[in-house]
Amino acid sequence: MSVFNKLKKLFSHRKDVSEQIAEINQKKNEIEQKKFDQGLKKSSSVLNDSINKIVAKHHRLDDELIQNIEEALLFFDIGTNATQKILTAITEEIKYQRITNPDLIRQIIIDKLFIYYIQDTFVDTSIKLIPNKQNVILVTGVNGVGKTTSIAKLAYKYKMEHHKVCLIAGDTFRAGAVAQLEIWANKIGVPIFKPQKSGQDPASVIYGGLEYARKNMIDIVICDTSGRLQNKIHLMNELKKIQGIIKRFDDTQPIESLLVIDATTGQSGINQAKAFNEVTNITGIILTKMDSTSKGGIVLAIKDAFNLPVKFIGFGESLEDLKIFDLEMFIHGLTKEIHINE
């Protein structure tokens with residue numbers, strides 16, 4: 001075989017490999033999109049029904065159309081402030097374009113919903129891990145929102161990505177919190193640092209856990225914290241103390257302070273976020289139980305209230321069901337049931 005033919009064969013093989021990689025990535029994206037579509041089915045159906053009822057009744061801009069759109073947006077859990085801003089954008093567009101076609105009204109409603117999410121902001125859902133360093137992720141949230149399960153899913157995700165992961169059981173207040181986290185740690189196969197005695201100060205547990213992680217060359221440390229809001233002053237002091245302990249080890253940490261919100265709680269979840277945002281520097285949201293709600297507008301409400309990105313979204317109970325929030329996949333899943341006539 002000539003040198004030319006050998007080179008041709010070599011580069012042809014490389015092309016085949018690149019094509020195979022592209023096909024694998026495409027299949028992965030298709031699987032992820034199916035997960036978003038399935039998880040957002042309830043929300044998509046409600047949004048579809050609401051918009052269809054509106055456009056079936058109205059072919060022109062009038063007070064009743066505006067009122068019906070407003071009611072639909074509020075019912076979808078978008079929140080008062082975001083609803084008013086989106087409603088203004090919708091009515092201005094319909095008025096400017098002099099729209100009378102129901103399908104165009106439908107399209108404008110959908111467009112303004114999601115233009116609102118990305119306008120005037122850079123939506124960054126990534127968690128930027130620092131190589132060759134101990135990366136600390138602090139997780140907060142009230143009891144019952146799925147905080148413990150979310151921590152387990154994060155640990156599983158990073159372990160599958162070949163990181164050395166450790167959990168720190170910093171919720172020493174709630175009975176059973178440490179035991180629940182330990183069950184997950186054993187199931188996943190990652191170490192967990194626990195309180196040495198009942199009722200131990202959470203900050204001291206975090207300190208001991210960080211020392212353990214450093215000695216054992218662990219690169220991702222996920223810290224659980226107490227979720228009580230009954231005494232906000234105590235919570236504020238506790239979280240500030242924990243933040244101080246973490247920064248004593250490394251002033252660039254924690255890289256993330258993630259707040260877990262249950263999507264089914266609607267505006268109650270927004271109020272929880274406000275309380276936690278007052279006491280700690282939240283960098284992103286983990287939105288759980290998204291498959292159980294019919295009101296996917298909470299993503300817009302969170303953005304409006306805090307300009308914080310949803311970084312992870314939960315669609316189920318299994319370890320694989322925590323997904324990185326992808327706006328394009330989210331929009332596709334939420335509007336999948338909505339068909340615009342060409």
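Aspartate 37 counts as buried at 13% relative accessibility, where buried means under 20% relative accessible area, exposed means over 50% and partly exposed lies in between, calculated with a 1.4 Å probe on protein chains only. This residue has its place in helix 1, helices (H or I, at least four residues) and strands (E, at least two) being DSSP runs numbered from the N terminus. The side chain of aspartate 37 makes a polar contact with the side chain of histidine 332 at 3.1 Å; a polar contact is a pair of N or O atoms within 3.5 Å, of which, within protein, one must be able to donate a hydrogen and the other to accept it, while residues adjacent in sequence count only if both atoms are side-chain atoms.

The model is predicted, so that local features need pLDDT of at least 70 and side-chain atom pairs count only at pLDDT 80 or more, whereas totals for chains, interfaces and linings use all residues. Residues are numbered from 1 along each chain as its sequence is written, and side-chain values use heavy atoms, with hydrogens and water left out.

A search of the whole structure finds 14 salt bridges, a salt bridge being a side-chain nitrogen of Lys or Arg within 4 Å of a carboxyl oxygen of Asp or Glu. The table lists some of them.

| Glutamate 32 | Lysine 323 | 3.0 Å |

Glutamate 32 forms a salt bridge with lysine 323. Because glutamate 32 lies in helix 1 (residues 3-39) and lysine 323 in strand 8 (residues 322-324), the pair ties together parts that are 291 residues apart in sequence. Glutamate 32 is partly exposed at 25% relative accessibility, whereas lysine 323 is buried, with a relative accessible area of 13%.

Aspartate 224 is buried at 1% relative accessibility, and lysine 147 is buried at 4%. Salt bridges that share partners join Lys147, Asp171, Arg174 and Asp224 into one network.
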